Structure formats: C-alpha cells, structure tokens
Amino acid sequence: MDFRLTEEQEMVRQTARDFAENELRPGVAERDDKEIFPREAVDKLGELGFMGMIVSEEWDGAGMDTVAYVIAIEEISRVDASTGIICSINNSLICYALQMHGDDYVKDTFLRKFANGTWLGAFCLTEPGSGSDALSMKSTAYEDGDEWVINGSKNWITSGKNCDAYVIVVKTDPDAGHHGTTTFVLPKDTPGITIGKPEEKMGIRATDTVSLTFQDVRVPAKNAIGGFGDGFKVMLSALDSGRLGVAAQGLGIAQGAFEEAIKYSKEREQFGKPISHFQAISFKLADMATRITAARQLLRYAAWRKDAGLPIGPEAAMAKVYCSEAATYCALEAVQIHGGYGYTKDYPVERMLRDAKITEIYEGTSEIQRIVIARAILDE
Ligand SMILES: Cc1cc2nc3c(=O)[nH]c(=O)nc-3n(C[C@H](O)[C@H](O)[C@H](O)COP(=O)(O)OP(=O)(O)OC[C@H]3O[C@@H](n4cnc5c(N)ncnc54)[C@H](O)[C@@H]3O)c2cc1C
C-alpha cells in the first residue's frame, strides 16, 4: 500500500494551493462580508482546468483522477469554502452527470463548455417541499412534439444566478415513482425561468443561492441526460460523486481552521507562556490533527475506489459525514483556541465556523448519510 501522491496529484495540489494563497486569500473576507460572487477566480479556475477536472480530454476536460480532484477542492476550500463548492458542483454534479449519462450531442454541446470553464453549471434538485425526500418533488415536464415543457420550482440553487446553464431533475411520469423522473440540461436564458432573490446565508456567503420558477419552459428532447425515466439514477450517481466534493470542502475547512489555531496558539501568551504550552490547548490541537488525518484517508480511499471503478455509495457517505463533522468540530475548537478574538471578524476562524456547518446539510444531510451507511452494512 502506497499513500504517497503521484507526481501529477502533487502538481495539482501545489497548483491549487498557490492559486488559493495568491488569488483567493486576499479578498476572501470581503467577499464573505459583502456577498460577492468570485467571478474572476471561477474564470481563472476554468482556464487552469479546475472546472472539469475529471472529464476526459476528449470532451475538453483535464483528464485527472478523482484523488487529484478531491485534493484540489480541499486546497481551494482550505482558504475559500465558497469558491470550493462552486467549483465542486460544476465538477461533481454537472460535469460528472453529463460525462457518465449524456449522449454525444449533450457532451459536444454542453459538457465541453462546462468542462473547459466557458460555462458554469447549477444543479436543480431541491424544492420548497422536497429536500431529503427528493422523490416527493412536484416539478413536472410533459412532452409536446420534440420538446418537453417544464413547470415547477426549485429551491436553494447554488450558482443559480451566476451560472450559464441548469441541470434539472423533474417528474416526466408522475405515477412511475423511481422510474418517472428525467434530467435535462438547459441554458439559463431559456424563456420562462424566473430567478428569485438570493438567500441571506450564515456561511458560504460568496456563493449565490436562489430559488427558481419554471413556467412553461420549453426544452428540446435531445437535452435529456440519460434515458427518459432515468432521472433518479442520474441524480443518485451525481450525488455520490458530489459527496466526495463536499467531503473535500469540509476537509479543507478543517485543515484551514487547524492551521489558524496552531498559529494563534503559538503567538498568544497568557500566564507568561504561549497558550500552546497548556495541555488543554495542545490536546485540542492533537484531536483536530487526528480527525483531519482520518478524514483525509477516508476521503482519498473513497476517491481511489471511484478511480478503480468500484462502487462508492457507503464510502462516499462515510467520507462526507466524517469530513463535514470534522469541519464543524475543528472550526469550533479553533474559535475556542482564539478565545474572544475568535468570536470576531478579525480572525478567519469565525467565517470558517459559519462555512463549516453547511457541509453537514447539503448534498444529503448527515442523517441521510447515516441512513445510506446503515442500509449498506445491514445489507438492506
Ligand atoms: C446553502 C445551500 C445550498 C444548497 N445548494 C443546493 C443546490 O445547488 N441544488 C439543490 O438541489 N439543493 C441545494 N441545497 C438543498 C440541500 O441539499 C437541502 O437543504 C438538503 O438536502 C436538506 O433538505 P431540506 O433542507 O429540505 O431538509 P429536510 O429534508 O426537510 O430535513 C430537515 C431535517 O430532518 C432530517 N431528516 C429528513 N429526513 C430524514 C429521515 N428519513 N431520517 C432522519 N432524519 C431525516 C434532516 O437530516 C434534517 O436534519 C442547498 C441548501 C443550502 C442550505
């Protein structure tokens, strides 16, 4: 067993770290404070090949493996969790769904643009009344000649305002349960789409999160991803891949908070010595380091399984639940180590704590991940 990174993975790690330090760190606090979408950074990430990392070169992607991809998301999120999730959604949910399930028309017309960074994608699954229970969605599409007509609404759509196109799951045969949904890709400027007011969020404030209303939105039948009735299958495979991205985002936040805590604990003196000399503080750091190391191995193992063509359902769920809870744990401890200063915007750990929480909620809550894991171990 060899835990070392390959030359290519190490190069990705270094490039992502340099980018995060030079391009993301300088404005990260202001973007969080003023809710500014990181447009320039996203465009540059596209130029660097980070928006379609696991897409094959044939379709204008970077042709990297999943291990390299999760390393990149970790490095980006270590500094800027908002940019991390924007990048992750485009890679894991949009590009992956199109690469795995799209036909040549969909790949040539849409995947290329998402993969080379010309277009940014948003993934539309959740609705006001359907979150964890995705199948209870109300949005529908009916067939009309060689088009489908979408009606309904979607909630909480990350990048919904700043993207160029949507991937949406709707019911096309409402009585057919799992086999009655279909996934479509459509440009944002398709007539009939109304974008709601951005949500005011606790964290990842540089992302835009909006509701969308679809009223008689016409989409060509050839824009379907996968077969008609296969929407749920497409969604589940995209979410397995997406969970690795969110796990990597959580891991990056945990690592960033840990580094801030180490730095501060060595600088801050009380009772005549750096606070890192107190066992109560150093044990917190030891526990953070242990959880981060465990989280990273779990995530890279799940990513390795995906690259090896092995199933990743429970492993992706384990990585997601562990990395996201490590993010909240480490950010909370980092605030504690900063004392009163950690409770202010003068130090980045306050933002990291706000950013960490969402990783336990989106792309399947921690409760849902545990259901996935429990079903797998109980063989149900
Ligand atoms: C900032 C942000 C960005 C998002 N981005 C996107 C996006 O880009 N695209 C998209 O489609 N969605 C997005 N979402 C939606 C997100 O995926 C959902 O919020 C999430 O899946 C949970 O759904 P819900 O909020 O409706 O909670 P609910 O499903 O109503 O759950 C409420 C609580 O009940 C628990 N619960 C539910 N069912 C069970 C059960 N069977 N057993 C035990 N506990 C259960 C949940 O774990 C949770 O604690 C985003 C959400 C946020 C907040």
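Predicted model: local features only at pLDDT ≥ 70, side-chain atom pairs only at ≥ 80, totals over all residues.

Tutor: Eleven residues from domain 2 and nine residues from domain 3 make up the contact. On the domain 2 side, the residues that touch domain 3 split into six nonpolar, four polar and one charged. As for where these pieces lie in the chain, the domain assignment puts domain 1 at 7–120, domain 2 at 122–230 and domain 3 at 233–377.

Now the core. The largest nonpolar core has 115 residues, and L299 and A331 are the ones that touch the most other members. Helix α7 (residues 231–267) supplies the largest share of this core, with 16 residues. Take A331 as a close-up: leaving aside neighbours within four places in sequence, A331 is in contact with I253, A257, V349, M352, L353 and A356. As background, nonpolar side chains tend to be buried together in soluble globular proteins.

Zooming out, the protein has eleven helices and ten strands, and 52% of its 380 residues count as buried. Of the contacts between residues at least 6 apart in sequence, 74% join residues at least 24 apart. The C-alpha atoms fill a box of roughly 80 × 45 × 40 Å along the principal axes. The radius of gyration is 21 Å, which agrees with the value near 21 Å for a compact globule with 380 residues.

Conventions: Residues numbered from 1 in each chain as written. Helix = DSSP H or I, 4+ residues; strand = E, 2+ residues; numbered from the N terminus. Rg over C-alpha atoms; globule rule 2.2 N^0.38 Å. Buried ≥ 20, exposed ≤ 12 C-beta atoms within 10 Å, placed from the backbone. Contact = placed C-beta atoms within 7 Å. Core = buried A, V, L, I, M, F, W, Y, C linked by C-beta atoms within 7 Å. Domains from an automatic or database assignment. Nonpolar A, V, L, I, M, F, W, Y, C, P; charged D, E, K, R; others polar.
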